[in-house]
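Here is my note on the structure you asked about. Please keep the sequence and the 3D view open while you read the points in order.

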Amino acid sequence: MDKLNTMAETFKLLGDKSRLTILGLLKERELCVCNIVDILQMSQPSISQHLRKMKAGGLVSEIRRGKWTYYSLTIEDKPYIKDVLNHIPSQAVMIDWLDQQTAASVCD
């Protein structure tokens with residue numbers, strides 16, 4: 001029953017379009033908060049709140065580099081999330097767009 005509760009909480013987290021998009025972006029590669037802000041055109045506090053919830057739910061991990069925090073997926077123990085990721089539309093175009101922006105270098 002504990003696994004069902006965990007899965008239910010995880011799926012609640014994914015019931016938000018912004019978090020699903022962030023999941024799709026992180027499927028492509030590790031990203032800094034500022035990169036996600038640039039891509040989604042949302043405020044940094046809003047993105048940070050989504051990432052905090054995803055971290056609490058065990059979907060992402062963070063690493064600090066200087067003053068910036070980078071996020072990556074941590075779903076190895078959640079094969080059902082890997083299945084969800086297979087159905088999230090590719091965010092590669094957004095990553096390519098980010099790479100072409102001068103703002104992308106702000107986190108470096």
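This is a predicted model: local features need pLDDT of at least 70, side-chain atom pairs count only at pLDDT 80 or more; totals for chains, interfaces and linings use all residues.

1. Three strands make up an open sheet, in the order 1-3-2, with antiparallel pairing. Strand 1 (31-32) and strand 2 (60-65) are at the edges and have a single partner strand each, so one side of each has no neighbour in the sheet.

2. Strand 2 with strand 3. These strands run antiparallel, and six bridges join strand 2 to strand 3 (residues 68-73). Among the pairs, Arg 65 is opposite Trp 68, and Glu 62 is opposite Tyr 71. The hairpin of strand 2 and strand 3 has two residues between the strands, and Gly 66 there has a positive phi near 65°.

3. Strand 1 with strand 3. Strand 1 is joined to strand 3 by two bridges, and the two strands run antiparallel. Leu 31 has Tyr 71 in strand 3 as its bridge partner. Tyr 71 was also named in the previous point, where Glu 62 stands opposite this residue.

4. Helix 2 on the sheet. What does helix 2 touch when it packs on the sheet? Helix 2 touches strand 1, strand 2 and strand 3, and its direction makes about 90° with that of strand 3.

5. Helix 2 with helix 4. The axes of helix 2 (residues 17-28) and helix 4 (residues 44-56) come within 10 Å, crossing at roughly 75°. Helix 2 is therefore roughly perpendicular to helix 4. On the helix 2 side, the residues that meet helix 4 are Ser 18, Arg 19, Ile 22 and Leu 23. On the helix 4 side they are Ile 47, His 50, Leu 51, Lys 53 and Met 54. By type, the residues of this contact are five nonpolar, two polar and two charged.

6. In one of them Arg 29 pairs with Asp 99, and the closest N and O atoms are 2.8 Å apart. Arg 29 is in the loop between helix 2 and strand 1, while Asp 99 is in helix 6 (residues 92-100), so the pair links distant parts of the chain, 70 residues apart. Arg 29 counts as partly exposed because its relative accessibility is 32%. Asp 99, at 43% relative accessibility, also counts as partly exposed.

7. Two other salt bridges. Glu 62 and Lys 55 meet through their side chains in a salt bridge, at 3.1 Å from N to O. Glu 62 is partly exposed, with a relative accessible area of 39%, and Lys 55 is partly exposed at 39%. Asp 77 and Lys 78 also form a salt bridge between their side chains, at 3.3 Å from N to O. Are these two residues buried or exposed? Asp 77 is exposed, with a relative accessible area of 58%, whereas Lys 78 counts as buried at 6% relative accessibility.

8. A loop residue to check. Most residues other than glycine have a negative phi. Gln 41 is not a glycine, yet has a positive phi of about 55°. Where does Gln 41 lie? Gln 41 is in the loop between helix 3 (33-40) and helix 4. Gln 41 counts as exposed because its relative accessibility is 64%, and the cut-off for exposed is over 50%.

Terms used: Residues are numbered from 1 along each chain as its sequence is written. Side-chain values use heavy atoms; hydrogens and water are left out. Axes are lines fitted to C-alpha atoms, for helices over the stretch in contact, and angles run from 0 to 180 degrees between N-to-C directions. Helices (H or I, at least four residues) and strands (E, at least two) are DSSP runs, numbered from the N terminus. Angles under 35 degrees count as roughly parallel, over 145 as roughly antiparallel, 65 to 115 as roughly perpendicular and the rest as oblique. Contact means heavy atoms within 4.5 Å. Ala, Val, Leu, Ile, Met, Phe, Trp, Tyr, Cys and Pro count as nonpolar, Asp, Glu, Lys and Arg as charged, and the others, Gly among them, as polar. Buried means under 20% relative accessible area, exposed over 50%, partly exposed in between (1.4 Å probe, protein chains only). Two strands pair if DSSP finds at least two bridges between them. A salt bridge is a side-chain nitrogen of Lys or Arg within 4 Å of a carboxyl oxygen of Asp or Glu.
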